[in-house]
Number of protein chains: 2
Amino acid sequence: MDVSSFFPIWSKLTAFEQQTLKNSAFIKKIPAGTVIHDGSADCMGLLLVRAGQLRAFILSGEGKEITIYRLFERDVCLFSASCIMRSIQFDITISAEKDTEAWLIPIDVYKRLMESSAVIANYTSEVMGTRFTDVMWLMEQVMWKSFDKRLASFLLEESVIENTETLRITHEQIAAHMGTAREVVTRMLKYFQTEGMVKITRGCIEITDRNRLEALSE
Amino acid sequence: MDVSSFFPIWSKLTAFEQQTLKNSAFIKKIPAGTVIHDGSADCMGLLLVRAGQLRAFILSGEGKEITIYRLFERDVCLFSASCIMRSIQFDITISAEKDTEAWLIPIDVYKRLMESSAVIANYTSEVMGTRFTDVMWLMEQVMWKSFDKRLASFLLEESVIENTETLRITHEQIAAHMGTAREVVTRMLKYFQTEGMVKITRGCIEITDRNRLEALSE
């Protein structure tokens, strides 16, 4: 499948715009663990995820992390092109959580298309609105939701992403996703275990009572 | 001064677009305390603030609040037009903190201009990027900054906005700006008072050591 099936508003583009994208887009392979966008340092272009998983997060001065959103197959990574929007004045880091393949539309090509096409400019706004919505959701979680509910939601979400009841994830990694300390995660997981909702083994967390976790997360 | 001096990219618009805006924009007077946008309920259009002060905040299910950003003279209020961006799927409330006058560009007019003009569409993206930056700043504050530093910053900011060292604001109002409980604010203000940074009187907080508050906030 070529780039046309991954660019969401393809049928609304002019023949010239379609040809420009076809001529310039190429497949980029991103091995798991690669940082593809670090603060405001890089600006490779728009990425259309063909397969794999990307993670966007912010970092504190002391190196703490919190996951802002994740991108999966057919998602569009806009912040790898954030330099074309002058008003985006925050630093976000994007890394590949799994081996990822994406169509890359080079930054200068996308910039030119966006400047000349209202359709592409409005589409870009819509992508930004989607990420803005992700961040507002997270803000509400962090502000109003207690940590036990957030952790229950996180475990259920991981279970859906990985399609398993047995999550291979460390307490440290969960802490980095959730913007908290490892000790806080460990303490809450132990409480979940005494309540029979999970079983903790070395390097794994097994979901043993999905219904109760779901009830808690709501 | 007419709408041309408040619409930031006026000189980049076509004569037709300028005329459309001039014909449709009108002054809206918003008394202090008025809620102009409530969740996703209203969608009046784009507001260009001529004078006054608007406040955007989110509400928890239990009625707790946190201020997301504020808008002053010459700022553009995009979320009063959020219905034209389908991907904006969060509820924000906007109210007038002071008597406000703004140019209102009706929603159907702005929608049509945005759909046909790449310049206006990209400008809209830039405004959204600015608000996105505000929210990311707040997220970093909430995640990584201790409450004493946040409160010191808030008092200094209020002092700049109101141009006074004596703030007429209740602990309850501060709590609503900062997304916390009144008791938490009261406790920290008392600590600031014992440290000689502020003086608390009925309904007022006087800043008595600006330098130390600034040092704390950094």
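**Helix α4 of chain B, and the contact between chains**

Mentor: Start in chain B. The cover over the buried residues of α4(B) includes β7 (166-167), α6 (182-194), β8 (198-201), β9 (204-207) and α7 (210-217) of chain B. Keep in mind that this is a predicted model.

Trainee: OK. Which residues in α4(B) are buried?

Mentor: B:Leu151, B:Ala152 and B:Leu155. Seen down the axis of α4(B), the buried residues fall within an arc of 105°, so they line one face of the helix.

Trainee: How far apart are the end C-alpha atoms of that helix?

Mentor: They are 22 Å apart. Helix α4 of chain B covers residues 147-162, which is 16 residues. At 1.5 Å a residue it should span 22 Å, so the two values agree.

Trainee: And what comes just after α4(B)?

Mentor: B:Asn163, with a positive phi of about 55°.

Trainee: Switching topic. How many residues of chain A are in contact with chain B?

Mentor: 34 residues of chain A, and they meet 34 residues of chain B.

Trainee: Which elements of chain A give two or more residues to that side?

Mentor: α2 (107-116) and α3 (118-144) of chain A. α3(A) gives the most, with 19 residues.

Trainee: What's that side like by class?

Mentor: On the side of chain A that touches chain B, 17 residues are nonpolar, 12 polar and 5 charged.

Trainee: Now chain A as a whole. How many helices and strands?

Mentor: Chain A has 7 helices and 9 strands. Its C-alpha atoms fill a box of roughly 60 × 35 × 30 Å along the principal axes. Of the 218 residues in chain A, 33% are buried.

Note on methods: Residues numbered from 1 in each chain as written. Chains lettered and ligands numbered in written order. Predicted model: local features only at pLDDT ≥ 70, side-chain atom pairs only at ≥ 80, totals over all residues. Contact = placed C-beta atoms within 7 Å. Helix = DSSP H or I, 4+ residues; strand = E, 2+ residues; numbered from the N terminus. Nonpolar A, V, L, I, M, F, W, Y, C, P; charged D, E, K, R; others polar. Buried ≥ 20, exposed ≤ 12 C-beta atoms within 10 Å, placed from the backbone. Expected span 1.5 Å × (residues − 1). Arc of directions from axis to C-beta.
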